[in-house]
Amino acid sequence: MKRVGFIFEKICDIENISRAIDNAARGKKSRRIVNNILEHKQQAAEAVREMLITKTYRPKPYREFVIKDGASQKERTIYCPAFYPDQIVHWAIMQVTEPILRKGMYEFCCGSIPGRGIHYGKRYIERWLRRDRKNTKYCLKLDIKKYYPHINTSVLKSKFRTKIKDENALWLIDTIIDSHETGLPIGNYTSQWWANFYLEGLDHFIKERLHIKYYMRYMDDMVLFGANKKQLHKVRKLIAEYIEPLGLTLKENWQVFKVGSRPIDFLGFRFYRDRTTLRRRNALRIRRRISKMYRKGKATVRDARAILSYLGWIYHSNSRTYYERYIKPFVNIKKLKEIISDEDRKQHQARSGGG
């Protein structure tokens with residue numbers, strides 16, 4: 001594989017950094033620091049460029065906090081990087097290196113990849129299940145134990161060196177990697193891309209060496225299909241052996257089962273041969289959010305955005321009964337859209353000086 005060079009100068013290009021500021025600021029324009037940077041964008045971009053060119057850039061300490069994720073309320077530690085300069089630098093890197101990382105990426109690696117989100121993955125799983133019953137008779141479902149913290153950063157650095165030969169760009173990538181004690185921090189924009197990249201070799205191993213016809217990965221969650229149950233058990237052992245040198249282990253809750261005997265719980269949905277429904281935890285989370293909003297008697301902008309996002313999940317599944325019972329009586333979709341439209345108009349007026 002031919003390695004790519006001369007990318008550091010593209011990362012440091014003032015137009016690239018200026019675009020990185022805009023991208024990093026999306027959804028954060030209510031914050032004072034973000035507005036201050038946007039008001040002085042040219043000076044900020046030049047300062048970031050100077051840090052990179054002189055190699056004086058040093059990541060600031062992360063702001064650490066714990067969230068309870070989803071209906072299961074599973075605790076996750078989030079490491080939030082400073083907006084300036086760190087989030088801007090992360091975007092500047094990815095705007096240049098994204099095409100490089102995409103080049104060897106498996107087509108059904110779906111997590112956090114533009115154009116390859118949950119509904120992309122859902123569409124193909126449905127297609128596989130309905131068009132090829134023989135080769136989707138059995139499913140192997142597995143994921144990796146505490147994936148982000150257990151990524152071996154030395155291995156990750158060596159993987160970058162198989163793609164990139166620009167020493168200055170590698171210095172910058174190493175600097176971001178070394179800004180966290182172990183593994184990759186959940187919270188960096190770079191982390192989701194680099195976590196996908198870390199398993200690129202596994203994707204090719206599964207497809208090209210193990211000859212699995214139907215396989216999808218959403219970050220560290222995987223589903224593989226086959227016609228033979230024993231083969232999938234063997235595949236599971238070979239995957240465990242493959243990821244061991246990467247510092248990774250599979251969770252003990254892996255499953256091999258006949259597709260007709262139960263639904264496949266993946267991507268927030270439950271997949272059957274003839275239909276797709278919401279995952280129970282997601283259905284519960286949506287009901288809780290709507291109930292909370294309904295009790296307040298009014299919807300905030302945050303409520304409106306969240307609920308309209310949830311409706312996308314419902315519309316993409318066979319959940320008409322659920323919608324009629326738990327959503328329609330309590331939600332005025334037109335009103336939610338008006339709330340968001342009003343907020344967008346206010347922000348636009350503020351940015352344009354109130355005109």
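Q: Which residue stands opposite Leu-278 in strand 9?

A: Phe-269 does. Bear in mind that this is a predicted model.

Q: What holds strands together in general, and how do strand 8 and strand 9 pair here?

A: Strands of a sheet pair through backbone hydrogen bonds, either parallel or antiparallel. Here, strand 8, residues 269–271, pairs with strand 9 over 3 bridges. The sense is antiparallel.

Q: In what order do the strands of this open sheet lie?

A: The order is 7-8-9. The sheet has 3 strands, with antiparallel pairing.

Q: Why is one side of strand 7 and of strand 9 left without a neighbour in the sheet?

A: Both stand at the edges. Strand 7 spans 264–266 and strand 9 spans 276–278. Each has a single partner strand, so one side of each lacks a neighbour in the sheet.

Q: By how many degrees are neighbouring strands of this sheet turned against each other on average?

A: The average is 30°, with direction ignored.

Q: Which helix packs on the sheet?

A: Helix 6, residues 118–131. Helix 6 touches strand 7, strand 8 and strand 9. Its direction makes about 10° with that of strand 8.

Q: Now the whole chain. How many helices and strands does the protein chain have?

A: There are 16 helices and 9 strands. The radius of gyration is 23 Å, close to the 20 Å that the globule rule gives for 355 residues, so the chain is as compact as a globular protein of that length. Along the principal axes, the C-alpha atoms fill a box of roughly 60 × 55 × 30 Å.

Q: Next, open space. What volume has the second largest pocket, and which residues are closest to its centre?

A: The second largest pocket holds about 310 Å³ of space. It is lined by 18 residues. Closest to its centre are Lys-28, Cys-80, Pro-81, Gln-87 and Gly-187.

Q: What classes make up the lining of the largest cavity?

A: The lining has 5 nonpolar, 3 polar and 2 charged residues.

Technical notes
Residues numbered from 1 in each chain as written. Predicted model: local features only at pLDDT ≥ 70, side-chain atom pairs only at ≥ 80, totals over all residues. Heavy atoms only, no water. Pairing = 2+ DSSP bridges. Helix = DSSP H or I, 4+ residues; strand = E, 2+ residues; numbered from the N terminus. Axes fitted to C-alpha atoms, helices over the stretch in contact; angles between N-to-C directions. Contact = heavy atoms within 4.5 Å. 1 Å grid on protein atoms, 1.4 Å probe; cavity = no way out; pocket = protein on both sides within 12 Å on 5 of 7 lines; lining within 4 Å. Points joined across faces, edges and corners; volume = space filled by probe spheres on them. Rg over C-alpha atoms; globule rule 2.2 N^0.38 Å. Nonpolar A, V, L, I, M, F, W, Y, C, P; charged D, E, K, R; others polar.
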